[in-house]
Amino acid sequence: MTLTRRRFTAAAAAGAALPLLATRAHAQAVKLRVSTIPIIDTAGMQVALAKGFFKDEGLEIDTTPTAGGAAGLPALAAGQVQIAFSNIISTVLAEKQNLGFQIISGGSATSDAPPDLAGLVTKPGAGLKTGKDFEGKSIAVNTRNNIIWLYARAWVKKTGGDPDKVTYLEVPFPQMIDAVRGGRGDAAFVVEPFFSAGRAANAVELVAWPYNSTQKRIPVAQFVASKAFIAANAGTIEKFVRAYNKGVDWMNANKGSDEWAGIIAGYTRLKPEQIKSIGLPLFDKTVDPKGIDETVALMRDHKMIEGPVDTKAMLYKTAVTAVK
Amino acid sequence: MIDRLARGAAERAPGAALILALLAAIEAAVRAGAVNVALVPAPTRIAERLGEIIASGAFAAPLAATLWLLFSAYFAASALAVGLGLLMGRYRAVDNLFEPLIELLRPLPKPALLPPLILFLGLGAPMKLVIVGLAVFFPVVINTVQGVRGVDPVLIDTARTFGHGQRNILLKVILPSALPFILAGMRVSLALGLILAVIAEMLAGTGGLGYLVLDMQRSFKVTDMYAWLVLLAVLGYALNAGFNRVERRAAHWALAQPT
């Protein structure tokens, strides 16, 4: 039988398809791109990654660090990532603009009393104590129009200052302590673990707890996905949240241990010794819509939004009932 | 004159039609639901929002802030650049001194200088003025040098014959002769200056058009963001058109010069 061109092409096509069929059998793992922030709030996910909980659920996670939810949610909107870790303020703002997101998990929160997971710091001896002192000065926030920005403003207002007279500089969390130390900003509202690392090095001193002085039990940040993605991949979302919740459980059981410090030091680029002294935020596996309502009221006070927000509709079922 | 205007309009008509056609296509796509309206609002909505911003006067303060930044740095840096360029073009010694430094810094994309500049000057007005000034400086100084070198030596000799001193020759013969070149450099600098002004405002966070565009994105107010972008585009267009008029009046003789 002669090798005609048609027979050759057919054979080549069949040959090329063989490896594809073989990989099909192995390609069980679902790939997910997740935008994260290198702060203590995402420790649960990082633990789940390090301990292989995602792999156990058949998920391959590819993380993209961002400065904050205000930067991660646009990536979510563009489809560049499937899940984004975002603060509640940015999520509410996106919801108000009908970008079609939903909260799929619990995340970080504050408790009834300090220490919070973030504090307002200045150079030691700067002498800035109240909101009035901060008029004409600058406070470093990771991005503007998010939770750090809002509660910094709320604190300035509460302590007698005009929040509009303060400048809010955008500085990524890992660089905030250096920004204050170098005089680029007068203060920073900085999150763990950088907060404790800065204090331990005596580079900064604590001025106030803007979260706690404004509101108790704030649902600070959670994982968010688009409604379209959730509808098409409900099983994957459940697996993601289950693995994440396992990470949270492990963290609660092993906080303070060397392994725990090692994982957190890894993704925040700090040293394990610096991690040991940090304060841990509350890690709930669900979100209470009442907490969001209070935050929305604060947003309204600061003219960030107008009109009603359906906070219950913002929560997907995996954020309401913990996935086991 | 009507004839000239009509001709100008006829030439521009296809281009304007293209823009309108693109806008209509986007509008149709949004109405048909083909694009996510939260990311790409309908052009008519953007126009509406733009109208609201203009009617309420909300555009005034940010526009003033950006223009203040741009013009302060632009005129200061241009004056410096023209001054240095005149000296460099005229006197070999000055040129030998500064040319290597300028050649080293010129190819650097000026936004790349923002990180070191922020370390030195922080995020306030000095940083913004310096970065815009740097962007403006180089095209103007280089064009000024070229312009000075291209001056007809006969003109200079004639001036010397008439007994003019160095300063008069520089200001009354060389500078006007080099003006077309200088203005060409200043036109490029105007565009670069606006770009750097917007970027600097995004970083500094204290107001201006650049700050607002980023702020609207951060708040997911997408329609507002596009409205401010349109304002920025109109500003760029207006600045360029304004510059053309100034150029035509300042260097009109360059068109009349025999080649």
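**View 1. The loop of P115(A) and its cis peptide bond.** In this predicted model, P115(A) is placed in the loop that runs between β4 (101-109) and β5 (118-122) of chain A, where helices (H or I, at least four residues) and strands (E, at least two) are DSSP runs numbered from the N terminus. The peptide bond joining P114(A) and P115(A) is cis, with an omega of about 5°. Local features such as this one need pLDDT of at least 70, side-chain atom pairs count only at pLDDT 80 or more, and totals for chains, interfaces and linings use all residues. Residues are numbered from 1 along each chain as its sequence is written, while chains are lettered from A and ligands numbered from 1 in the order in which they are written.

View 2. Most residues other than glycine have a negative phi, and most peptide bonds are trans.

View 3. K303(A), in the loop between α14 (289-301) and α15 (317-320) of chain A, has a phi near 60°, a positive value in a residue other than glycine. K303(A) is exposed, because 7 other C-beta atoms lie within 10 Å; a residue is exposed if 12 or fewer other C-beta atoms, placed from the backbone, lie within 10 Å of its own, buried if 20 or more do, and partly exposed in between. F220(B), in the loop between α9 (209-218) and α10 (222-250) of chain B, also has a positive phi, near 60°, but F220(B) counts as buried, with 26 C-beta neighbours inside 10 Å.

**View 4. The side of chain A that touches chain B.** Here 17 residues of chain A are in contact with 13 residues of chain B, contact being taken as C-beta atoms, placed from the backbone, that lie within 7 Å. At least two residues of this side of chain A come from each of α4 (69-77), α5 (88-96) and β7 (167-170), and β7(A) supplies the largest share, four residues.

**View 5. Domain 1 and domain 2 of chain A.** Chain A is divided into domain 1 (30-111 + 217-320) and domain 2 (118-214), with bounds from an automatic or database domain assignment. Between the two domains, 30 residues of domain 1 are in contact with 20 residues of domain 2, and α5(A) gives the most to the domain 1 side, with four residues.
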